[in-house]
Amino acid sequence: MSNSSKKQEPEILSVEEYKTDAKWLKLENIKWKDQEGKERNWEVANRTKRPKAGVDSVHILALLHHPSKPVSTIIIEQYRPPAGATVIELPAGLIDEGEDAATTALRELYEETGYGSGKAGEGNASVKEVSDVLVKDPGMSGANMHLVTVDVKSGENDPEPEQKLEPGEHIIKRVVALKDLHSTLKDYSKKGFAVDALISSIAQGWELSKQFA
């Protein structure tokens, strides 16, 4: 009998939460059985609360369409204590209970960048696509997300919208042409900023598409 025929599907046996004083995160120990039937343990960090829909957050790829400028997107600069650095990333936010991913994306885009109106069917922003559920750092966390692509139509003389940040939020937005995204992120890295893996992957994919088009 070959080794492959002996393998079984991995299986979660139990999940134990460690007691801590943390408010927003919980540390858990997962007892699981691997493909060879061996029992193992895996420590994982998760959010203490997750909407009933089962998805934590959205990240927003805004596509800005202007009459005389190339298609652009919006990136933000935000200090992230876990990274110990200001991170260059896409606008993002947690999904509130009762919201779907599209609703959250429009709300967060409006708050963090000022684009759109924060509501479907109003303003110049509309949801183009909501991705399947994506995992973020599966070796350390069960955190998951949707990538939501939003079209934003602007007029020739439209002013730059103002952010609608909540108290305590310190976010700098920047509009970057998609064709310049890869080089822009490279420049940020040289200056000591941290670059989020998701936006870097999008930029790299865009560069590859131009090479093999």
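How far apart do the C-alpha centres of domain 1 and domain 2 lie? They lie 31 Å apart. This is a predicted model. The protein is divided into domain 1, residues 11-47, and domain 2, residues 57-210.

**Overall build**

- The protein has 213 residues, and buried residues make up 36% of them.
- Its secondary structure comes to 4 helices and 12 strands.
- The C-alpha trace spans about 70 × 45 × 35 Å along its principal axes.
- Consider the contacts with a separation of 6 or more: residues 24 or more positions apart account for 55% of them.

- The area buried between domain 1 and domain 2 is about 370 Å². Carbon and sulfur atoms give 46% of that area.
- Three residues of domain 1 stand out: Trp42, Ala45 and Arg47. They supply 66% of the area that domain 1 buries against domain 2, more than any other three residues.
- The contact takes 6 residues from domain 1 and 6 residues from domain 2.
- What links the two sides?

**Glutamate 11, in strand β1**

- Glutamate 11 lies in strand β1, which covers residues 11-17.
- Is glutamate 11 buried or partly exposed? Its relative accessible area is 40%, so it counts as partly exposed.
- Glutamate 11 and lysine 31 are 20 residues apart along the chain. Their C-alpha atoms are separated by 8.9 Å.
- Not counting residues up to four places away in sequence, glutamate 11 touches Lys31, Trp32 and Lys33.

**Serine 72, in strand β5**

- Serine 72 is found in strand β5, residues 72-80.
- Serine 72 counts as buried because its relative accessibility is 10%, under the 20% cut-off.
- A polar atom of the serine 72 side chain lies 3.1 Å from the backbone oxygen of proline 70.
- Which residues does serine 72 contact, leaving aside its neighbours within four places in sequence? They are Ala62, Leu63, Leu64, Val175, Val176, Ala177 and Leu178.

**Salt bridges**

- How many salt bridges does a search of the whole structure find? It finds 11.
- Arginine 80 pairs with glutamate 89 in a salt bridge, with the closest N and O atoms 2.7 Å apart. Arginine 80 is partly exposed, at 34% relative accessibility. Glutamate 89 is buried, with a relative accessible area of 8%.
- Arginine 107 forms a salt bridge with glutamate 99. Here the closest N and O atoms are 2.8 Å apart. Both arginine 107 and glutamate 99 are buried.
- Arginine 107 and glutamate 99 also belong to a network of salt bridges. The network links Asp96, Glu99, Arg107, Glu108 and Glu111.
- Aspartate 180 and lysine 179 meet through their side chains in a salt bridge of 3.4 Å, N to O. Aspartate 180 is partly exposed, with a relative accessible area of 30%. Lysine 179 is partly exposed too, with a value of 47%.

Conventions: Residues numbered from 1 in each chain as written. Predicted model: local features only at pLDDT ≥ 70, side-chain atom pairs only at ≥ 80, totals over all residues. Heavy atoms only, no water. Domains from an automatic or database assignment. Contact = heavy atoms within 4.5 Å. Buried area = accessible area lost by both parts, 1.4 Å probe. Helix = DSSP H or I, 4+ residues; strand = E, 2+ residues; numbered from the N terminus. Buried < 20%, exposed > 50% of the residue type's maximum accessible area, 1.4 Å probe, protein only. Polar contact = N/O pair within 3.5 Å; in protein donor to acceptor, adjacent residues only side chain to side chain. Salt bridge = Lys/Arg side-chain N within 4 Å of Asp/Glu carboxyl O.
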